[in-house]
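Here are my notes after a pass through the model.

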Amino acid sequence: TALPIRGNPTRENYSSFEFFAVQSMDLTIQESRGTRSFNLSDVPTDASVGDLKHLIHKKNRKYLPIRTQIRLGPKEKGLNEKDALKVHGIADGSTVYLKDLGPQIGWTTVFLTEYTGPLVLYLIFYMRPSFIYGGGASAVPYSPVVHLAAACWSFHYMKRLLETLFVHRFSHGTMPILNLFKNSGYYWSFACYIAYYVNHPLYTSPSCCWSQIYVFFALFAISELGNLSSHWLLKGLRPPGTTIRRIPVPDSNPLNKLFNYVSCPNYTYETMAWIAFTGMTQTAAAGLFALFGFAQMAVWALGKHRNYRREFSDYPKRRRAIVPFLL
Amino acid sequence: MLAKSYLLIYNGFQALGWTFILYRGLLHFASSPSTKDFYEGFYTAVEYPLKIAQTLAVLEILHALIGLVRSGFMLTFFQVFSRETLLWLVASAGGPKIQTHYGIVAMVLAWTITEIIRYSYYFCNSLKWVPFVLTWCRYTFFIVLYPLGVLGELLLIGNMMPIAQETGMFSYRLPNKWNISFDFHVFLCCATLLYLPIFPQLYLHMLRQRRKIVGGGDRRVKGD
C-alpha cells in the first residue's frame, strides 16, 4: 500500500519505482447560513478536514481555519479537524457546509483580560481616589477588614491569572470575540460594584463580632485552596496536548474528597469562596456576585455532569453536579 | 390538558382585559372637550384596569421559568420587569406631573394595542387556529407601536428624573448594615442608557421575524 503524500509529489518523496499519484476531487462548499456556495477543485482525496479548511482559506482569505467549521449538514456538528474527509463519506462531487464562527480570540487572551481588570479596578477603589469618593476620602480610617478584603480579592484574581497561564488546558483554543466583551463587562462591572462599597468611607464593618471576620476568612482560604486543588487534579487528568477525557477521582489531597460528591468541586469551592467573602465583608453587592456566579456555574456544572454521565457508563451514581446531595 | 386550559383562560382574560382598557381610553377620548383634557385625564381613566392587567403579567415570568411556555426566562423577566417599573415606579409614583403628560398616552396606547393582539394571538395559537390577519397584525403593528411606546416611556422617565432627584424617593443610602445603596435617579439614568442597545436589537429581531412569517414588503416579479 502506498503512503499518502500531502502536497505536490516530487522526485524526493517517492521511490523511483513507485509512482503514487495523489488523486483529487472537486467539492462544493456551501455556506451553512445563507445560500452562497463555491466550488473547490483539486482537493486531495485523502485530505483531512483540517487540510480542507486550509484549502478553503487559500481560496477565500476571510475563512481563517480557526473560525470555520466543516459540517455535513447546515445545522450539524463541526467535523473533527484530524478526521480524513473520506471517513465522513466526502468524495468527488460532494457538498460540504461551511460554518463561519466569526472572529475568534484565544481563551488565554480572554481570561487574562477578564481577570486583570478586576484586580486593577479593585485596587484603584481601595486607594479611595477623590474622583470616586470625593476629597479627603482616603483620610477616613479604614476598618481592618477592608484591608483583609483587598488582600483576599487580589489573591483570588492573581491566583486566577496564574492558573490561566500555568494550570488550565483548554480543549478548544478559541471563542468568538464578542465573548471577550461580554465576559469582561461582567467581571469588570461587578469588580467596580463590589469595590465601591467595601472601600467606601461610609463602610460598616460586620455587625456580629470579630470572630465573624475570622471564621469567614478561614472559609475563604479553604475554598481558594480547594478550588486550586480541584484545578490541579483536573489538569492531571488530561495529558498535555491531548483532549482526552477521564472520570475525575479524589487523590491524596483531602480537599479533593469533594470529587466524590460533585462533578465540579472547583465551582463548588468558588461559590463557597464568594459566600465567605460576602460574610466577611457583610456587603450585599458581594452576595449578588456570589448568587449570579453560582447561577452561571450551576448551569455549566449541570452540563458537564450530564456529559460525564453520558460518556462514562460507570460514572458514580451518588455524585451531583455542584451542590453535594442536592444539585 | 390542565396547562392548556389554564393558558387559554389566562390569555383570554388578558385579551379581554386590555380590550377593556382600550374601551375606557376611547370612552374618555369621546368625552374629552379638548386634546389637553384628553391626555391629562387619560391615566385616571385607565389606571385601575391597567394596573390589574399589567401586574397580572408577572405570572408570565413564572410560566417561562417552569417551562409552561416556550418563551425564554431572561427575556420575559426583563420585559415584565421594565413594564412593572414604568407602571408602578414611574407612572403611579410620579404623581400628577407624570400622569398628565402626553407621553402616558403614547406609552399606554402602544402597550394596549400590542397586548390585545399578542394575547389574542396566544389564545388562538393554543386552539391551533390563528387567522392570518391576526398574525399579520402581530408582525406589522409593532413597526409603529414599538417606537411610539419607547418614545412615551423615555419621555416619562426623563420627566421622572428631576422628581426622583428632588424627593430622593425609592433610595437607600449608606451607611447601613449591608453596605448597600440604591439611588433611584441613577437607576433611571442606567435604564435610559439600556434603551440604546436593546431597542435596535429587539426591533430588528421583529423585522426579521416579519420577513420570515409574513413575507415582508414588495415582492420582485418573477422573471426579473
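1. A working definition before the cysteines: a disulfide here is a pair of cysteine sulfur atoms within 2.5 Å. Keep in mind, too, that this is a predicted model.

2. With that cut-off, the search of the whole structure comes back with zero disulfides over all chains. Take Cys192(A): its closest cysteine sulfur belongs to Cys190(B) and sits 13 Å away, so the two are too far apart for a bond.

3. Cys137(B) is in no disulfide either, and its nearest cysteine sulfur is that of Cys124(B), at 11 Å. Cys137(B) is buried, with a relative accessible area of 16%.

4. On to the hairpin in chain A. Strand S1 (residues 24–31) and strand S2 (residues 37–44) of chain A pair in the antiparallel sense, with six bridges between them.

5. Which residue in the hairpin of S1(A) and S2(A) takes a positive phi? That would be Gly34(A), with a phi near 105°; the hairpin has five residues between the strands.

6. Last, confidence. Chain A averages a pLDDT of 87, and 92% of its residues score at least 70. The stretch I'd flag is residues 13–18 of chain A, where pLDDT stays under 50. For those residues the model has six contacts beyond four places in sequence.

Notes: Residues are numbered from 1 along each chain as its sequence is written. Chains are lettered from A and ligands numbered from 1 in the order in which they are written. This is a predicted model: local features need pLDDT of at least 70, side-chain atom pairs count only at pLDDT 80 or more; totals for chains, interfaces and linings use all residues. Side-chain values use heavy atoms; hydrogens and water are left out. Two strands pair if DSSP finds at least two bridges between them. Helices (H or I, at least four residues) and strands (E, at least two) are DSSP runs, numbered from the N terminus. Buried means under 20% relative accessible area, exposed over 50%, partly exposed in between (1.4 Å probe, protein chains only). pLDDT is the predictor's confidence in each residue, from 0 to 100. Contact means heavy atoms within 4.5 Å.
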